[in-house]
Amino acid sequence: MHDIREDFARALATLLKNKTLEHITVKDIAESCHVTRQTFYYHFPDIYALIEWIFLQEASAALASNRDIDTWQEGYCNVLKRLRNNRDLVINVNSSAHRDYLEHFMYKALHDVIYPVVEEEAVGMNVADSHKEFIARFYSLATLAMGIDWINKGMKEEPAEIADQVATLVRGDFKKALHKYELK
């Protein structure tokens, strides 16, 4: 079944090749899709809701099966690849007043990868859920900062290189952190 939201997403991506996000209107997107503005508003309250939908679709696809200790690095790499594939959108959102959409998407995507890894590493340990959440939040925010830095520098490095560097730094750290919070 055809999903018009995908058409809106493609139209936005095409428009971003020639205009900044601030200069794109719902009317532009609707005209590109040969529908009325009302059709757009039936699906999204504004362009930023469309952007959020795009980011969530990308995150879901990037992380489909990469939520354990052996594959989280691949999940992170997939997130970076999808950001790079949507370069115009990412650069425009990152440089706009609505940068928080990008950061929120990235944080959620990273947390969705990292929290299950922390849970997996905590099996057999007596660690409070609040501490597991804190560990996942800490590493999600650190990894988010690396991703934002990569975007700010033009996404020049290969996603696999960034993911490998981050994985090298945190390898074994989830378990160490959990041991520090373990209730004896």
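Is Cys77 buried or exposed?

1. Cys77 has 9% relative accessibility, so it counts as buried (buried is under 20% relative accessible area, exposed over 50%, partly exposed in between, with a 1.4 Å probe and protein chains only). Cys33, at 16% relative accessibility, counts as buried too. The structure holds 0 disulfides (a disulfide being a pair of cysteine sulfur atoms within 2.5 Å).

2. A quick word on the model: it is predicted, so local features need pLDDT of at least 70 and side-chain atom pairs pLDDT 80 or more, while totals for chains, interfaces and linings use all residues. Residues are numbered from 1 along each chain as its sequence is written, and side-chain values use heavy atoms, with hydrogens and water left out.

3. Now have a look at α1 (4-15) (helices are DSSP runs of H or I, at least four residues, numbered from the N terminus). Buried residues in α1 include Ile4, Phe8 and Leu15. Among the elements covering the buried residues of α1 are α2 (26-33) and α6 (87-94).

4. α1 also turns up in the largest pocket, where its 5 residues are the largest share of the lining. α4 (47-62) supplies at least two lining residues as well. Trp53, Gln57 and Asn86 are among the residues of that lining.

How values were computed:
On a 1 Å grid over the protein atoms alone, a cavity is a set of points where a 1.4 Å probe fits but cannot get out, and a pocket is an open set with protein on both sides within 12 Å along at least five of seven lines; lining residues have an atom within 4 Å of a point. Contact means heavy atoms within 4.5 Å.
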